[in-house]
Amino acid sequence: MASTTPDASQNQESTKNSIIFRSVKTLAESPELTSVPSSYTYATNPDDELVTDPDDDDPIPVIDYSLLFTGTPDQRAKTIHDLGRACEEWGFFMVINHSVPKSLMEKMVDQVFAFFNLKEEDKQEYAGNKNVTDPIRDTCEEYCRKTRELGRELLKGISESLGLEADYIDRTMNLDHGLQIIAANLYSPCPQPDLAMGMPPHSDHGLLNLLIQNGVCGLQVLHNKKWINVSSAPNRFLVLVSDHLEILSNGKYKSVVHRAVVSNKATRISLATVIAPSLDTVVEPASELTDNQTNPAAYVGMKHKDYMELQRTNHLYGKSVLNQVKI
Ligand SMILES: O=C(O)CCC(=O)C(=O)O
Ligand SMILES: [Fe+2]
């Protein structure tokens, strides 16, 4: 990156040897960008790089949410069984026929996109006192409410799939006061997508992560040691089992390692909604799922807020944080 246009330079700061961009978006939009600067390249491990589409014999699980409520008893029981299998074998599933209006999902993505497209100097205003959700507050509040409801209902089915009472997770994780975080991710087109990574491999904190995107794919999940491309139709939620569900189920359900790759064609937006225990909840393996002889607790209990601190202060890679509470 040797030279800059006068316009782009407003978004850059020069140091002795290099130019630092205020955001990756600014860098990606700079007209002279033809290659990825070395400080942004991502080295993948070739042994670890088998990437495929899902196998016809082992498709990504799809859960029809409506069957939890309006299905026959058999359909409901099968849906709960399928939820359990998805959490055990994939740590990942897609949800169709859910309770969040398609128009709300689209509006949320559009408004987030509009926020990202504000001029850098306008965006900086929100770095200070203004709340980042101010321009989209109503949509955001409605989206939070609807996704929280969806997450809590899915967790009731997941509780049952573990042989626990339907409200077990809701109650013990204190979801009336649960933490909910919405993260909006923007992945600008990259001239050399093979040399960069949108988000490196990791698992999420919390119980479930409900992900939507703007129609551009990029999510890959690790399944049986292969990276699987997740392609998704509109109006679906991509649901990731997260670390606290792995801990609570004493490892029966596994949080899924996932990453986001970039493309050289289109801008991708993803919106991740983490449904998590209250900050003061000590998350530990459910005593109903452990016994001292055959199935001892495999994780130490830790307050959710301490787990988040551990995540904040550690390099996020794979399951590096979860491994620290494994016995
Ligand atoms: O963009 C994606 O598909 C993944 C985002 C993600 O993993 C996250 O926000 O935790
Ligand atoms: Fe994630």
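Predicted model: local features only at pLDDT ≥ 70, side-chain atom pairs only at ≥ 80, totals over all residues.
I started with confidence: the protein has a mean pLDDT of 89, and 91% of its residues reach 70 or more.

Next I looked up the scores for the complex. The predictor gives an ipTM of 0.99 and a pTM of 0.89.

Over residues 1-17 the pLDDT stays under 50. The model still has 30 contacts beyond four places in sequence for that stretch.

On to a helix pair. How do α5 and α7 pack? I found helix α5, residues 102-116, against helix α7, residues 137-161, at an angle of about 135 degrees, and their axes are 10 Å apart. The crossing of α5 past α7 is left-handed.

Which residues make the contact? From α5 I listed L104, M105, K107, M108 and Q111. From α7 I listed T139, C140, E142, Y143 and K146.

Last, I checked the record. UniProt, in an unreviewed entry, places the feature "domain: Fe2OG dioxygenase" at residues 177-277. I looked at that span in the model: 45% of residues 177-277 is strand and 6% is helix. Where do the ends of residues 177-277 sit? Their end C-alpha atoms lie 8 Å apart.

Methods:
Residues numbered from 1 in each chain as written. Chains lettered and ligands numbered in written order. Heavy atoms only, no water. Axes fitted to C-alpha atoms, helices over the stretch in contact; angles between N-to-C directions. Helix = DSSP H or I, 4+ residues; strand = E, 2+ residues; numbered from the N terminus. Left-handed = near helix turned anticlockwise from the far one by under 90°. Contact = heavy atoms within 4.5 Å. UniProt positions renumbered as here; feature names shortened; annotations may be inferred. pLDDT = per-residue confidence, 0-100.
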